Amino acid sequence: MADLKSTFLNVYSVLKAELLHDPAFEFSDDARQWVDRMLDYNVPGGKLNRGLSVIDSYRLLKEGQALNDDEIFLASALGWCIEWLQAYFLVLDDIMDNSHTRRGQPCWYRVPKVGLIAANDGVLLRNHIPRILKKHFRGKPYYVDLLDLFNEVEFQTASGQMIDLITTLQGEKDLSKYTLTLHRRIVQYKTAYYSFYLPVACALLMAGENLDNHVDVKKILVEMGTYFQVQDDYLDCFGDPETIGKIGTDIEDFKCSWLVAKALELSNEQQKKVLYDNYGNADPENVAKVKALYDELNLKGAFEEYESSSYEKLVTSIEAHPSKAVQAVLKSFLAKIYKRKK
């Protein structure tokens, strides 16, 4: 794995060098240094799970055949396109959410002398994706499908972000909107498509598959992405900050979290009043009241029930798939997230 990660990081250096010498733009030294620093700050800093899973998935689809250097490079390049997409979303999300830190360092727009130039940097990050695809995939029979895939998933993610933003409008805190149905819609569009479906779809295209024949795979991965986000919501409140690497603030931030939607579903009128009075308030006393209600409603138990029933459903859907190679891809995704603690 460490070896795969270092190979993957080497491909980042190659792609970055190509972008910094893109013939479509005449770079000044200042411009080249800016983009170089901006990329290093925003693109390779995360866990790289999405990008690495393109290579993992492609390898499993090839059913044990050794990958040649060219295949590893191309699968890595597609993985990096997903990491570029993620960087573009996060740079802009952080501005929208007025966030302070990301991956343990100040958000890019909070870096001195960056400020709102970060908005244009986000646009640049998004535009690097078709540059990478053109350079390395233009001659491939699946080139158009790749472009379509990235465009569609970006549209779905931006639309999910929109529902999230208009639902959590500060100033009109309306908890009555927060239902499990709405939570599911936000999560499906904002997270599941780009984090779960996109890496596997890239691997399927590279393996010569037609995505229209894999609607069932998309359905399973979107389901898995939903389950992953519910875990995230649970860990935000009940996870160990040491383990997850951050202190959860969903309650303070008035987030449409699975926990609050589930709590509203389980609450009587008196308990609902506790939520309405305290949710979305940053005062530790208000937060403590919400957490006490979560305990009273046994949301831990509700989550465990959700986790096991989701897992069983996913395993059943996966095992119904006719291709053993596709099953292996889906099972490897599920194994990575089932009962995770961070």
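This is a predicted model: local features need pLDDT of at least 70, side-chain atom pairs count only at pLDDT 80 or more; totals for chains, interfaces and linings use all residues.

Q: Let's start with the big picture. Which domains does the assignment give for the protein chain?

A: The domain assignment gives domain 1 (1–139) and domain 2 (162–341). Taken over C-alpha atoms, the centres of domain 1 and domain 2 are 26 Å apart.

Q: How many residues of domain 1 are in contact with domain 2?

A: Contact here means heavy atoms within 4.5 Å. On that basis, 20 residues of domain 1 are in contact with 19 residues of domain 2.

Q: On to helix pairs. At what angle do α5 and α6 pack?

A: Helix α5 (residues 117–137) packs on helix α6 (residues 143–167) at about 165°, and their axes are 10 Å apart. To read that angle, remember that anything over 145 degrees counts as roughly antiparallel. So α5 and α6 are roughly antiparallel to each other. The crossing of α5 past α6 is right-handed.

Q: Which residues make that contact between α5 and α6?

A: From α5 you have R126, I129, L133, K134 and F137, and from α6 you have Y143, L146, L147, F150, N151 and E154. Sorted by class, the contact of α5 with α6 has seven nonpolar, one polar and three charged residues.

Q: Now try α3 and α4. Roughly what is their crossing angle, and within what distance do the axes come?

A: The axes of helix α3 (residues 49–61) and α4 cross at roughly 150° and come within 7 Å. Apply the cut-off again: α3 and α4 are therefore roughly antiparallel to each other. Their crossing is right-handed. On the α3 side, the contact uses N49, R50, G51, V54, I55, Y58 and R59. These meet E71, I72, A75, S76, L78, G79, I82, E83 and Q86 in α4. By class, the contact of α3 with α4 has seven nonpolar, five polar and four charged residues.

Q: What does P199 touch?

A: Not counting residues up to four places away in sequence, P199 touches R50, S53, V54, I82, Y194 and F333. P199 sits in helix α7 (residues 180–206), and at 0% relative accessibility P199 counts as buried.

Q: Which handedness does the crossing of α11 and α12 have?

A: The crossing of α11 and α12 is left-handed. Helix α11 (residues 269–278) and helix α12 (residues 284–296) pack at about 150°, with axes 9 Å apart. That is why α11 and α12 come out as roughly antiparallel to each other. The contact brings together Q271, V274, L275, D277 and N278 of α11 with N286, K289, V290, L293, Y294 and E296 of α12. The residues of the contact of α11 with α12 divide into five nonpolar, three polar and three charged.

Q: How do I compare sequence distance with distance in space? How many residues apart are T243 and K342?

A: T243 and K342 are 99 residues apart in sequence, with 6.1 Å between their C-alpha atoms. T243 is found in helix α9 (residues 241–244), and at 35% relative accessibility T243 counts as partly exposed.

Q: Where is N298, and what is its phi?

A: N298 is in the loop between α12 and α13 (299–319). N298 has a positive phi of about 50° although it is not a glycine. With a relative accessible area of 44%, N298 is partly exposed.

Definitions and conventions. Residues are numbered from 1 along each chain as its sequence is written. Side-chain values use heavy atoms; hydrogens and water are left out. Axes are lines fitted to C-alpha atoms, for helices over the stretch in contact, and angles run from 0 to 180 degrees between N-to-C directions. Helices (H or I, at least four residues) and strands (E, at least two) are DSSP runs, numbered from the N terminus. Angles under 35 degrees count as roughly parallel, over 145 as roughly antiparallel, 65 to 115 as roughly perpendicular and the rest as oblique. A crossing is left-handed if the near helix is turned anticlockwise from the far one by less than a right angle, and right-handed if clockwise. Ala, Val, Leu, Ile, Met, Phe, Trp, Tyr, Cys and Pro count as nonpolar, Asp, Glu, Lys and Arg as charged, and the others, Gly among them, as polar. Domain bounds come from an automatic or database domain assignment. Buried means under 20% relative accessible area, exposed over 50%, partly exposed in between (1.4 Å probe, protein chains only).
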